[in-house]
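Here are a few friendly notes to read alongside the model. Please keep the viewer open as you go through the points.

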2 protein chains.
Amino acid sequence: MNKKLGRQTVKFTNGVNILSYASIAGQKEGEGPLAKYYDKVLEDAEWGEETWEKTESKMQKTAVARAAEKSAVEIKDIEYLFAGDLLNQCISSTFGLRDFGVPFLGVYGACSTMAETLGLASVMIDGGFADMTAAVTSSHFCTAERQYRFPLEYGGQRPPTAQWTVTGSGAAILSKNGDGPYVTHFTAGRIIDAGVSDANNMGAAMAPAAADTLSAHFRDTERIPQDYDLILTGDLGKIGKSIAIDMLCEEGFDMTENYNDCGLMVFDIDKQDMHSGGSGCGCGAITLCGYIMDMFRAKKIKNLLFVGTGALLSPTSTMQGESIPCIAHAVAISADGE
Amino acid sequence: MNKKLGRQTVKFTNGVNILSYASIAGQKEGEGPLAKYYDKVLEDAEWGEETWEKTESKMQKTAVARAAEKSAVEIKDIEYLFAGDLLNQCISSTFGLRDFGVPFLGVYGACSTMAETLGLASVMIDGGFADMTAAVTSSHFCTAERQYRFPLEYGGQRPPTAQWTVTGSGAAILSKNGDGPYVTHFTAGRIIDAGVSDANNMGAAMAPAAADTLSAHFRDTERIPQDYDLILTGDLGKIGKSIAIDMLCEEGFDMTENYNDCGLMVFDIDKQDMHSGGSGCGCGAITLCGYIMDMFRAKKIKNLLFVGTGALLSPTSTMQGESIPCIAHAVAISADGE
């Protein structure tokens, strides 16, 4: 049976249920507008750990454990765990999840990771390869800042285009059985490099990749933006969101009505002085695995297109004068499986 | 249809053909015993590029292009490209493959990447999600050494347990159509941390993960080592190989007859002064996508169990006093699809 739609999209026909989900958020995120939807808000950046990297690992571990607990799933019943993060060699995932004893498939999609892990975890279920899988990712302001930019003690000035890496981890458990919401489509993105080389303007770098994947999704599925209650990008921020709207408009798709970006929802960007908005794998992850899934549960959203957006650069590539290749992966989620 | 065998293994029932493959090898690898099986041997470490990272990217790009060319496949017919490497943020893959315009799914499995990408690329075909996919990975001695260990100019002493990161890239194109060889099983590994913390003794760290996945594969499939013409780990080297044999023996599996490690095949380790053997994503990749696949073509091998072995550490985790979590993923390949 061919499950392919068009060039980039697959359609899940056997029912991929989002059985459970959980989100662990940092202190600043806990002061933002979505605070009450998180399962846990940390009181400081360390959470009792010696290093921020260990804190981030603990967040992933806790997000998966909490998601399992919420639906009375035993960790050992998860057949395949898809995970990734922003740190070199994805150590938040590998160290965080090593004690579970669950078959582990590491992915690297930068900040698109929540969508990539959800897509691949859905493939395993819909293809008949597993009955239960999980997807998890995380980011931490302190680990990302010191790895990608400057030591925190340096106190570097942030330009208005800069985004703030979210401290947070989100996990979802997918199952063959359940009563939804369902992951219905996965549109895997292509790498798009628009030539942007300013690592302080990630939204502008990633927007063309988001637009490319969104256009592909609409073409492949013969849908239009208005078919969704909400279209949600992961972390384009203020500037990237506006570019994405313009680029989709040129393709004939009107995104002005029902489109938002997790980077603009996770913080009150003016009050919290967040410049262009939140970013990081955790940004989309805690918004999706908190507020958004709660809205599904409350029947306030019926159809969602979630588009994880990632910048595939490294400090080494930047030092070597390279531009920023980006990618976006999309998953469609619906209450009734259509 | 349930395609799961036991706890960790999936069986592909629809025919996943290895349609084509290619390998690009470094200079030192080109002086090794498998030289004539590589599609291209580089004359120096740079291959005309300004930085070794760019060389490694060019190797991945060329491996995929060469594999496509060998079977008259057009790049645009590849529906999903699974790739990963050892560099921070997997820049060999993202920069190497960005111009192809093919939907891209980045993975991070350290040196287990060739098996992980092959497994997931097979899942897409067998599950009905694609007709053609590709898997590629690479490593480069100079990029790995300076990222993980010391600047090359430092000239650090290497203990006898040390392995030598292979410069090489291997790519395979998988297709629903063809006449084999076929990928028949994928056993995804669990993270195993045996407490080893010596980054100069990776073989010892990874052997327990290899043993765990091999045992799981034999249990899940109800097979024994003797069912395979060859069992091949990716880069355990001399010490790791010997530990793996002992650990499997304790589980009741005799691996003394038909088991080898790519790290011991890719170099003449005594003549080439390679200490414990070759390592890196490229080690398994060029051995599999060169000599081994040529042996399938020549009908000298009929059944292979290929086990990619990865150490999921980072320099940061080592500096923070952590041990080395490891993983191994296995794919079974057979000439007749059984």
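1. Let's begin with a turn: B:Gly6 takes a positive phi near 60° in the hairpin of strand 1 of chain B and strand 2 of chain B, where three residues lie between the strands. Strands here are DSSP runs (E, at least two residues), numbered from the N terminus.

2. A word on conventions: this is a predicted model, in which local features need pLDDT of at least 70, side-chain atom pairs count only at pLDDT 80 or more, and totals for chains, interfaces and linings use all residues. Residues are numbered from 1 along each chain as its sequence is written, chains are lettered from A and ligands numbered from 1 in the order in which they are written, and side-chain values use heavy atoms, leaving out hydrogens and water.

3. Strand 1 (residues 4-5) of chain B is antiparallel to strand 2 of chain B, with two bridges; strands count as paired if DSSP finds at least two bridges between them. Across this pairing, B:Lys4 is opposite B:Val10.

4. Strand 2 (residues 9-25) of chain B is mostly covered, with 13 of its 17 residues buried (under 20% relative accessible area, 1.4 Å probe, protein chains only).

5. Strand 2 of chain B also runs antiparallel to strand 8 (residues 168-175) of chain B over eight bridges, and B:Ile18 has B:Leu174 as its bridge partner there. Five bridges link strand 2 of chain B to strand 9 (residues 182-187) of chain B, again antiparallel, with B:Val16 opposite B:Val183.

6. Which way do strand 2 of chain B and strand 3 (residues 40-41) of chain B run, parallel or antiparallel? They are parallel, joined by two bridges, and B:Ile24 faces B:Lys40.

Methods:
Buried < 20%, exposed > 50% of the residue type's maximum accessible area, 1.4 Å probe, protein only. Helix = DSSP H or I, 4+ residues; strand = E, 2+ residues; numbered from the N terminus.
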